[in-house]
Amino acid sequence: MLSKYEVVIGLEVHAQLTTDTKIFCNCSTTFGNEPNSQTCPVCLGLPGALPVLNKKVVDYAIRTGLATECTIAPRSIFARKNYFYPDLPKGYQISQFELPICEHGRLDIETAEGSKTIGITRIHMEEDAGKLLHDSSEGSRVDLNRACTPLMEIVSEPDMRSADQAIAYLKKLHQIVVYLGVCDGNLEEGSFRCDANVSIRPWGQKEFGTRAELKNINSFRFIKQAIDYEVQRQADILEEGGRVIQETRLFDTASGTTRSMRSKEEANDYRYFPDPDLVPLLVSEEWIEQARLELPELPAAKIERFIKEYDIPRYDAEVLAAERANADYYDALVKLHGNGKLCSNWVMGEVQRALKDSDLAIGDCPVTPQMLAGMLGRIDDNTISGKIAKKVFDAMWQSGKDADTIIEEQELKQVTDLSAIEPAIDEILAANPGQVAEYRGGKDKLLGFFVGQVMKATKGKANPAALNELLKKKLAGE
Amino acid sequence: MQLTDLTIHQLHDLLREGKTSAQEVTRAFLDRIAATDERVNAFITVCQQESLQQAAAADARLKAGDGAPLTGIPLALKDIFITEGLRTTCASQILNNFVPPYNGTAVAKLKEQGAVILGKLNMDEFAMGSSNENSAFGPVRNPWNGDCVPGGSSGGSAACVAARQAVATLGTDTGGSIRQPAAHCGVVGLKPTYGLVSRYGVIAYASSLDQVGPITRDVEDCAILLGAVAGYDPADSTSVDQPVPDYRATLKDGVKGLKVGLPKEYFIEGLDPAVKQAVEKAVDTLRGLGAEPVEVSLPHTDYAVACYYLIATAEASSNLARYDGVRYGQRVDQDRGLIDMYMQSRAAGFGPEVKRRIMLGTYALSSGYYDAYYLKAQKVRTLIRQDFLDAFNQVDVILTPVAPTPAFRIGEKTADPLQMYLSDIFTIPVNLAGTCGMSLPCGFSQEGLPIGLQLIGRPFGEETLLRTAYAFEQASDWHRQQAPL
Ligand SMILES: [Zn+2]
């Protein structure tokens, strides 16, 4: 039945910006402090207080606009969105309406269905509302710490045709804002929230179907659930000969369903009009160029560079570039060491494993690129084997000491001149006459057994290649 | 002559010379308030103790030779100015218990100079009105005739100066709210160019029109007080970043060769004959001083009142949304839910004129009406501004009456809001144009009520305004007349 309909999705993302202070006052934006401790006359909406625009917010919006190929408006306007709610101290939200700062952008996504360009209608700046704390014994209370926190709303065209495309778009957008450093991307704390406009139409139909706006989707997993549920719901209505009505629906994470919040008729008339307390925002060509210069390398460009400059497989490049901090670590490591593939193996392997085990972000990795490069150098010059290296890595992680110190202290330098351990080898051969006989009878695989025994006796310090050669000689009876 | 009859500059000289003290002056004014305010009702709050403490501090500063022009000068503020620790009501029931935790910029500037704040003055609720009858604290009475209104919305600020209850006051002017009451009370009032004085800490009525300005006994005081509060404020995005001239320095430069525009649209039928006569005499006086009267045209004048009542009410409907009973001010909660609390609090908290303007403004911004009302009004506003800029290509100042009639009787126009709105017909265009205008005494009606002369200047042309007003004042003695109180 679902195959009869094409799904049409547009997304509205609210990204909280990482500025230190709020969008229209100097209060701190730190999360999780004592209620109402980060407030002032402006964000409390006291009589007589006036907003003053935080230039950094504009800068962040411009960066995001440039990263998504938007046109940056030389003149944009802040408007008041009027409605009553206890978490909204002024009785209006300052947002942008008719003339937003960014328009006409695009984002390219990849899914199993292939690649696709998703249009970005607009990006605008606005202030967040406060938070209601419901307490049955004391009634409801209002915390205005979050009020006036800067948000950026990024509105896509209705260009997505499946939940997978929606997820790919969201992940790409998330990656970009985090890369730009304009948003911390924390979904749990609500730093990156998404509303989805979903409609369906019979294949081939030109006009869009009536859409529902799904609110409150705060994870990539839920977006698929919410869209799938909504598509099924709308298809059921159409199949039964009914009409989908335009409404806002709330996604319920517990049941995985959506339920009606308000219909179009009940929708607020927000009475938008230009905020007379703020002058038109003028963005000069120089400002835009400066922002363009300061734009960091974005994931797509980074992947291509890693492949080209560091000669690593596309898969590695994509994994490494997925997060900016990870990519920066890898970049620093290769610049110090030079071998792209060896470095990517270590960053994707040991480094990730250890971070996961200690639940750390790469920014807090105790083994710096300098330390890791130092250790890889000791592999290159045969001071240690790859196997011992893992031991050295763990020791660096624990102690914070560099590789050379650890190799020295723990006597981990591998033995290349095997004359010193020849007696030990002879002893092992003498102790295992049966295996020696079997080997000599043609069971070559037993070489590994002897290597293992010697390594055990020498605590792994023997140079593996040299050891193999010597053992072969001795077992051959030479 | 009594201390309460003196001007800022006269008192400043006496204080500096040690011939009186700030405490003595303050006590004189407090006594005068006590003796007269039952009849005038200019004050909502009198700061008996605080003002004397401020006066003592001012005396110490004067003694140390560190006196500024306003040190120890007793002033009073329209109750629209946010004052830290001092109740600020905006003459509304909804803010009757509101004690702000901060000072606005203009107030902070006065305090830095060591001015003494005698109290907070009555006004039309949220500055909405032309008669000061829309106050939760009762009407203000005109010191020249207690049966008449003082004008509005800064009626308390003008009546207070006329009644010699303070040396000077600050008011605000959105459509004439400084100039019209100043005219009706026979004192000097100036509405600065939009952006000259910070609006930070001034309760907003219509943000794109509101300006803070002085109401004083003479033009020199007006220059002093304007200079004290003017200037760029980073806390107000609409304030303009440019240096403030020394308004006193050019006061005496005269009007020789000054081109004075007389807009033909302002000398219309319905203009009270006494007003017409007084204004025409003022033109003669200026001509006699060497100025050159020229007829000009402001062709879009007819649309100004309609335009104003769309823009001002639209902005007000949004500005007043914050008075919802949630965080401060009066709350009426009968435990019937949030919406009910909003409705009861606002129904009980706002007076009828405020409600009327909130409804009007809400309507003008509503979807489906926005283009026809708000947007069109903005376009008309641009035309009105252009009218003035065109006229200022020909003349240096424009001269008009302030109001079509002298002060009317209390209750005379309350039944007909439209009639009331027309009392600001000559002042409103100046706010829409964003330029500066001032009112100064130019005569009396047969009933002995003051008549005001309006001078309108180029944007940031306050120096020219003050210089013209000063020349006129020197050639007349209207400002020396005292209300019989
Ligand atoms: Zn704040």
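Two strands are taken to pair if DSSP finds at least two bridges between them. In the predicted model described here, strand β7 of chain A (residues 114-127) and strand β10 of chain A (residues 150-156) are joined by seven bridges and run antiparallel. Within β10(A), the residue that stands opposite A:Ile120 is A:Ser156.

Both strands belong to an open sheet of nine strands in chain A, with the order β2-β6-β7-β10-β1-β11-β12-β13-β14 and mixed pairing. The edges of this sheet are formed by β2 (71-72) and β14 (257-263) of chain A; each has a single partner strand, so one side of each is left without a neighbour in the sheet. Helix α3 of chain A (residues 220-239) packs on the sheet, where the strands touched are β1 (5-16), β11 (192-202), β12 (212-217), β13 (247-252) and β14 of chain A. The direction of α3 makes about 30° with that of β11(A).

Chain A as a whole contains 15 helices and 16 strands. Its C-alpha trace spans about 95 × 55 × 55 Å along the principal axes. The radius of gyration of chain A is 30 Å, whereas a compact globule of 478 residues would have a value near 23 Å. Buried residues make up 39% of the 478 residues of chain A. Among the contacts in chain A with a separation of 6 or more, 68% are between residues 24 or more positions apart.

In chain B, the domain assignment gives domain 1 (3-254) and domain 2 (302-378). The C-alpha centres of these two domains of chain B are 28 Å apart. Contacts between them involve 21 residues of domain 1 of chain B and 18 residues of domain 2 of chain B. On the side of domain 1 that touches domain 2 of chain B, 10 residues are nonpolar, 10 are polar and one is charged.

The interface between the chains comprises 31 residues of chain B in contact with 26 residues of chain A. On the chain B side, the elements that give two or more residues are α9 (304-319), α10 (338-349) and α11 (352-365) of chain B. The largest share, three residues, comes from α9(B). By class, the side of chain B that touches chain A consists of 15 nonpolar, 10 polar and six charged residues.

Conventions. Residues are numbered from 1 along each chain as its sequence is written. Chains are lettered from A and ligands numbered from 1 in the order in which they are written. This is a predicted model: local features need pLDDT of at least 70, side-chain atom pairs count only at pLDDT 80 or more; totals for chains, interfaces and linings use all residues. Helices (H or I, at least four residues) and strands (E, at least two) are DSSP runs, numbered from the N terminus. The radius of gyration is taken over C-alpha atoms; the globule rule is 2.2 Å times the number of residues to the power 0.38. A residue is buried if 20 or more other C-beta atoms lie within 10 Å of its own, exposed if 12 or fewer, and partly exposed in between; C-beta atoms are placed from the backbone. Two residues are in contact if their C-beta atoms, placed from the backbone, lie within 7 Å. Ala, Val, Leu, Ile, Met, Phe, Trp, Tyr, Cys and Pro count as nonpolar, Asp, Glu, Lys and Arg as charged, and the others, Gly among them, as polar. Axes are lines fitted to C-alpha atoms, for helices over the stretch in contact, and angles run from 0 to 180 degrees between N-to-C directions. Domain bounds come from an automatic or database domain assignment.
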